[in-house]
Amino acid sequence: MQTVWKPFFSYNLWALFEPAIGQEQRHCPMKRGFLKARAKEPEVAPLIQQETVYQEIGLLAQQGIYEFHQDVHCLIGDDGVNRVSAILGLENRSQEVRNRVTQVLANYQVTPILLGKNILKLSRGDEGFPEPILLRSGNQECNLFAAIDCIFVEPDGTLHILDFKTGKSDFDRRQAYVYLLAAKYLYPNYEAIASFYNLESQTWSDPIRALSVQLQVLEMDLFRFAQQHQNDLQRYRRKLASFEEIFPPHSGYQCQTCQFQSVCQFTI
Amino acid sequence: MIALATQSLQDKNCLSEIFALGHTDLNLVSFRLSPLTDREDGLRLSYRFSRYFPNVIVVWKNGLFYALANQEQTLPTDAEWAGALEYIHREIYEPSDPEWRFQRSRNPQMTPDIIAAFAEQILDVSQPFRPKTVYSEQNIEVKRRADFGAETVEINQMPHPAIALSPHSRITFQGTLDGFLANHPYRQNPERLLVSLKVETLDTDSTATIEEIVGTIAEHRTYLLTKASGAISRKALEEAPAEQPVVAVRFGQNSKRLYPYAMAALRPCVTAETANQLDIDFGTLLEQTKIPYADRQQLLKEYSAAAKEALRPYNIQFLKAINGRDNGDLFWVPEHPIEQTPIQFGQGVTGLYNGILRGLENGGVYQRHRDYQNVSERPIRLVVLNLLKPEAQVNGFMQQVRQQLERYKFPSLELNPSTEAILVDNWNSPEGRATLEDKLDELMTIKPDIMFVFLPQSDRGSDDDESGSLYHRIYSKLLRRQIASQFIYEETLRKETRYVLNQVMLGVLAKLGNVPFVLAEPLQVADVFIGLDVARSKKRRLSGSMNACAGVCLYGNRGEFIRAKSEDAAIEGEEIPQRFLEALLPAGALRGKTVLIYRDGRFCGDEVTHLLNWAAAIQSQFILVECRKSGTSRLYNLPRSNSDRGRSIAAPTRGLGLKLSSHEAILVTTQVSGRIGVPRPIRLTVRSEGHPASIEQIMDATLKLTLLHHGALKPPRLPMLLHGADRLADLRLNGVYVPECDRQFWL
């Protein structure tokens, strides 16, 4: 049976539509165009597939935490860091990646924040797309994707959604709201909170709660973004020359770190 | 109707600050310099010639110099002109300057603008207006001065020369820039303090901006001494310590030249920003700068007498000010008082502009934003940021806001139902600011439509603090997210709530994209009205490199807001490139229509040509109107009086205009109380290259477009489309991407 394709929404799509708060100057709407409308073009696809050092560290760090909790002996054993490093194949990585991920593992072994928690879910990070959550509003439908790193239950019964971070960038509260909305559908009987934990700096954000009115509004916006995105893609497919009109460029400092600078004519 | 007609006639009892000039038997000569001079060099050289020859005045117009001598003075011979040129060349020589040669021109043609330029230069060189000190405290003085400038006025369809004379106040710092630096907390980092600082020269009181630090006195002393023309500059140079920085200043915004100056020959301009550094209460100073009508009248009398005396030796007669009795046909008032303009609300309800609230109550908004078409599906999302003490009546106020919205058929939703205050000991401390930032970030995560911000009274007037006001901090942050805001001060909350609600509700609805009302009768002059503004910023230490951002707002011919957008471009020079204009003015919306484009300031470079090419390409007709805010002479009412002392000038009627020609006018668009000051008119110029329109039609449309400020019950000075264009250009300049938007969130 053929699957009916539906508009989708994710934190990632939201961030491509609207910059994080305080990051307005670094936002370029054209990036959404490259990532979502031109992703399969031969000159664009390789750029998307290239993994940056930051992404590599983030993924390996999460995999490391996952491996620690797969075999708790690694977490408490003296050579745990070496064993997990071997599983992750860190010896084949660059010096920077090796050093930083090893430091994450060592940090975590000293402060294993999930040890003893009632963990409902812990992702390795490379499982691919999560199962979509089907949302309905009137006669509209939309798939919500939320790739949650970890969920555990607090002693008081509250569901705690945890997202791992590495590097120095600030967390984006919107990601927590998307996860809290997903939790409302996946675990309807739980009160839920979300937080961010930076594995390198070992800092934990304050817990984030969402009022039901806020989730209600997010859900309304989610349909709007998903539909707008589909409309933009269709407009582009109908008229390829209108790329820069549908996804306007915003050149600036952000060009220096943009993966599409080699193919973007607006890069400065 | 009879009453209205009487009103119009009475409005012709008015006066301008523009004085007509006459002339007889001018003792003059004209010449050119080879190679031909450009405007900047022409103005510079003519000023130098005027200083070199006593009682001879030189002006430059379109490549030619004109020299006018005092009637008892013989004009210099060709040899004397050549000698003067050699001296000036040596005095102001720069390696890039050409060596000019003098060439006499036969049969000089005198035009009114040349006579007016002579008069301006005579007043500039002879300086007949003595500044009057009206306030003095510590090192600061407030002085009354005369602003003057060349004008031409068409009387009986003939252009006549004229001079505009206007009293103004200037706040002057009595110290020098080196003293200012020595006492400043940033003295260890002079670049941070000095670059971009506005200054005045001690010799001539000219204002300039410091562009860079070019070295030290030790490095530049000898060179600067050869160039110093004024006694004060010379003495300052001789006495300045060797290690003192030498700054390069730019006079005017667009001058290509920078001039090195010793700091002791300059003083900082007193602005809101420097006042704080000088430990002065800027508010008190501003109070002192206001000139009551009676004082203005006295000053105008004194200035005109002084100007008359200064011009007489040159056979230029200083005549009467252009006034309603003698030149009634030059003055214009709208057919009906502007406050009685018919307005249309929702459900076909019409009323007058001065009955807006009643009309809104009866008909609701004229047009709902598409987001709120379906009342049940999309309530207005409100959030509250309460920075007041706990006992403040924020909850009660918000309840009434929501009830009022409901009355206008706009249900609402509070995204943070708790309006509990966020209390911090000191908002200006780093901790206070960090708490505020966090709270704002949190409140913006799920995007509200509008944020109500309750501020302590102490925040009013605290813009000059180093940390800035809470108002600006919050407003700019919300603007960057395109979130509308409504600020309520503590004291306002204590007033009668209904009054406050009436003041804010119109703005709240408009900021969300609704159109509360439009003009009941469409403007005839054009189909679409566009405001175009360009913001530019120079990149420091990258000479010539510039970022220009433009914003446009489109309105329909009933004043309905259509949409706004912004574009940016890195451009050299002054004008907006063609591709940039084309992106701003979409063919689809404008094809085949008559479009009135208001440009904030002047059209630069080839902008007019680019626009007309675009108009031709899309089969449209563009009326091009420049709208200038500064340097415009004031207009006054001159009511009849039974007093023996003659007639006294009074506040001008809102809408009073003076037609300088068939394509240029001065227009009073505001009405302000005497306590606040005297209205500053705007100057409208219809460019002859564009589609023609009568100046009366333009004045009428401009006035009516000022009524479209839905964010306030009091109309602003500029038509609303320029206000929005300015906001958008500025946001874009600061790197904020504003896609095409259909809401005036910036109101």
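Between chain A and chain B there are three salt bridges, a term that stands for a side-chain nitrogen of Lys or Arg within 4 Å of a carboxyl oxygen of Asp or Glu. In one salt bridge the side chain of B:Lys447 meets that of A:Glu18, with 3.7 Å from N to O. This is a predicted model, in which local features need pLDDT of at least 70 and side-chain atom pairs count only at pLDDT 80 or more, while totals for chains, interfaces and linings use all residues. Residues are numbered from 1 along each chain as its sequence is written, chains are lettered from A and ligands numbered from 1 in the order in which they are written, and side-chain values use heavy atoms, with hydrogens and water left out.

Across the interface of chain A and chain B, four residue pairs are in polar contact, both residues being at pLDDT 80 or more; a polar contact is a pair of N or O atoms within 3.5 Å, where, within protein, one must be able to donate a hydrogen and the other to accept it, and residues adjacent in sequence count only if both atoms are side-chain atoms. On the side of chain A that touches chain B, α8 (173–186) and α9 (212–238) of chain A each supply at least two residues, and the largest share, six residues, comes from α9(A). Helices (H or I, at least four residues) and strands (E, at least two) are DSSP runs, numbered from the N terminus. The residues on this side of chain A divide into 13 nonpolar, three polar and five charged, where Ala, Val, Leu, Ile, Met, Phe, Trp, Tyr, Cys and Pro count as nonpolar, Asp, Glu, Lys and Arg as charged, and the others, Gly among them, as polar.

The contact (heavy atoms within 4.5 Å) takes 21 residues from chain A and 22 residues from chain B.

We now turn to the backbone. In chain B, the loop between β2 (28–34) and α2 (39–52) holds B:Pro35, which is joined to B:Ser34 by a cis peptide bond with omega about 0°. In chain A, the loop between β7 (192–198) and β8 (203–204) contains A:Gln202, a residue other than glycine whose phi has a positive value, near 55°. B:Gln482, in the loop between α15 (470–480) and β21 (484–489) of chain B, also has a positive phi, near 60°. A:Gln202 is partly exposed, with a relative accessible area of 33%, whereas B:Gln482 counts as buried at 15% relative accessibility; buried means under 20% relative accessible area, exposed over 50%, and partly exposed in between (1.4 Å probe, protein chains only).
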